[in-house]
Amino acid sequence: MFKSSETNKIKEAKTHLSYLVNLAKIDADVDPSEYDLLFNIGKRFGLSNKDIKSIFNRPDTQKIEYPTTSKAKFEQIYDLVQMMLADEIIQDVEMDFCIDMVSKLGMKKDIVDVLVKKIYWGTKEGMSREEIKEEVKLS
């Protein structure tokens, strides 16, 4: 029996990052703060610089899969909102992307506005991911 060259965890991380890359590139201008955030998130998932650069250059090569657990959904949305906020400019096209993702995750579209506010102000106030997650009550 052959073993997959990538674990499910790495595949999920690459897919997660590909959504973030698509959001970062949606306005055709990847801000240095967005690029740095991509690398920080990729590193958090244990991806190599080579993997991150490969995903950045070709995000469309990742299989489209959406998170299924509440925790994974929150992580995806949280990181998308962080990416949207990274350059401190929220564009309509970025918000539309996040709303579309929330819908694909089976959540209500109005959660995006709540999340943006909670994540933005929570981050400004020094709250942790878990504290913000608790406030939002996604899990």
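Let's begin at one residue: serine 18 touches Ile55, Pro59 and Gln62, leaving aside residues up to four places away in sequence (a contact means heavy atoms within 4.5 Å). Serine 18 sits in helix 1, residues 8-25, and counts as buried because its relative accessibility is 4% (buried means under 20% relative accessible area, with a 1.4 Å probe and protein chains only).

A word on what you are looking at: this is a predicted model, in which local features need pLDDT of at least 70 and side-chain atom pairs count only at pLDDT 80 or more, while totals for chains, interfaces and linings use all residues. Residues are numbered from 1 along each chain as its sequence is written, and side-chain values use heavy atoms, without hydrogens and water.

Now step back to the whole chain. It has seven helices and zero strands (DSSP runs, with at least four residues of H or I for a helix and at least two of E for a strand). Buried residues make up 41% of the 139 residues.

How do helix 4 and helix 6 pack? Helix 4 (residues 70-86) and helix 6 (residues 111-124) meet at an angle of about 70°, with their axes 10 Å apart (axes are lines fitted to C-alpha atoms over the stretch in contact, and angles run from 0 to 180 degrees between N-to-C directions). Helix 4 is therefore roughly perpendicular to helix 6, a label for angles of 65 to 115 degrees. Among the residues making this contact are Phe74 and Ile77 of helix 4 and Leu115 and Tyr120 of helix 6.

Note on methods
Angles under 35 degrees count as roughly parallel, over 145 as roughly antiparallel, 65 to 115 as roughly perpendicular and the rest as oblique. Buried means under 20% relative accessible area, exposed over 50%, partly exposed in between (1.4 Å probe, protein chains only).
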